[in-house]
Amino acid sequence: MSLPPYTSKLSPEDAAHFLRRTAFGATDAQIRALVGKDARAVAQAALKFDARTAPAHPVPGNPFDPSSGATPGAMLQLTRAAWLFELMYSPNPLREKLALTWSNHFVIGTEKVKNHPALAAYLGLLRKHAAAPSFEGFTLAVAQTPAMLHYLDNDKNRKGKPNENFARELMELFTLGIGAPGKPNYTEQDVHEGARALTGWSLEGGRGNPRNTYLEAVRASYNPKQHDDGPKTYLGQTGKLSFEDVIHTAATHPQTAVFVSRKLHRAFVADTPDEQNVQGSAETFQRTNGNIGAVLEELLSSAAFYAPQNREAIIRGPVEYIVGAVRTLGQPKLEVKQILNLSQTAGKMGQTLLQPDTVKGWDGGREWINDSTLLTRMQVAAALSLGKTAPTLATAPGDLALFGSENSPVQAALKGLNPKQRVYLALVSPEFQLA
């Protein structure tokens, strides 16, 4: 059974909840613009972004050009700052939220991928397929992008010398999931046979010392002579399986619907989602042949999404906390140096963009919070509200924007404070750090 819809017209609190989850945050005016609207229509409008033609940096005036970096390290810093700028100022915040979510699913890491064209293509791909009609098509595109080919060594996967890194992570982290104890979703033989079928793809350009190749054009290439075209058996399918056959089998496996739906629920509903609701989205995933946009439209307009127990049920990650603060403050234009610093500060809080801790991505939830990261969040809040370089706000955000409610218990404690003090204490409050 699919997820039941939310049938009430959006209240102010509903609208604030929707925008905290899908747009990182919003102003009081942006929230009130959704009040009284139908939940399905609001979800459809948020998902109506032109992802098909999304350039690497869609927002005009992005001051960061990674290709101007004088070293690989400088290029990476500019790449992160450029994306943070998009997250803060894009008119399509849900697209950026989804790109961030997918970067924690189809993980690559800049400790290994140090090529600007490869990273730009990867980010463009995440935006293009953010709410795509085919998860299988998304998975295939990611599998053949230079960043992923290099990161998981499938560019070294050749006939007679299979490299199993990508074949394993394709099932464990990108599609089926590892399964339950005693009931694995795949076998070691599936890994081996999958690797054989995935042979033949490599890269042209971008190789060698990153100091000399970090700006070099790179593209994926296929050499049929390096492809193992012998018979294979993979996840119960037997034949002369190709790269595309393996992606199709893994991406359309019934367990993939559950695994991917759970990821979307963790991103939009709760750090610990209700498994019955996950199954509802999984049924929609299967019924629509992996249509991510259809799953998201139903999810973001569901009774589960708006349920009281799922309000303030997600701990904002470092990037979401920073971006949420800027968007709640009305997207004031920060200085270039401030954005660079905030990009690096996100790393100090545990989330360096394009550099998850491991190939399985950031765990999120309570893992975001410890004494050190809380102190750094307080410093970010101070920099955006009390510091000498804090942005000047045309209008101080109200309770609906800051807390998601007009009747927050925090409000009484903040009465009598000047606007800057009030904003600072709101940004460090649990009510703001939970979405």
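This is a predicted model: local features need pLDDT of at least 70, side-chain atom pairs count only at pLDDT 80 or more; totals for chains, interfaces and linings use all residues.

Residues are numbered from 1 along each chain as its sequence is written, and side-chain values use heavy atoms, leaving out hydrogens and water.

**Exercise 1.** Work out how H19 and H22 pack.

Step 1: find helix H19 at residues 371-385 and helix H22 at residues 419-428; helices here are DSSP runs of H or I, at least four residues, numbered from the N terminus.

Step 2: their axes (lines fitted to C-alpha atoms over the stretch in contact) sit 9 Å apart, at an angle of about 155 degrees. So H19 runs roughly antiparallel to H22, a label for angles over 145 on a scale from 0 to 180 degrees.

Step 3: list the contacts, meaning heavy atoms within 4.5 Å. From H19, Met378, Ala381, Ala382 and Ser385 touch Lys420, Val423, Tyr424, Leu427 and Val428 of H22. Sorted by class, that contact has seven nonpolar, one polar and one charged residues.

**Exercise 2.** Do likewise for H9 and H13.

Step 1: helix H9 (residues 165-174) and helix H13 (residues 254-268) have axes that come within 9 Å, crossing at roughly 60 degrees. H9 is therefore oblique to H13.

Step 2: Glu172, Leu173 and Phe174 of H9 meet Phe259, Val260 and Lys263 of H13. This contact splits into four nonpolar, no polar and two charged residues.

Note on methods: Helices (H or I, at least four residues) and strands (E, at least two) are DSSP runs, numbered from the N terminus. Angles under 35 degrees count as roughly parallel, over 145 as roughly antiparallel, 65 to 115 as roughly perpendicular and the rest as oblique. Ala, Val, Leu, Ile, Met, Phe, Trp, Tyr, Cys and Pro count as nonpolar, Asp, Glu, Lys and Arg as charged, and the others, Gly among them, as polar.
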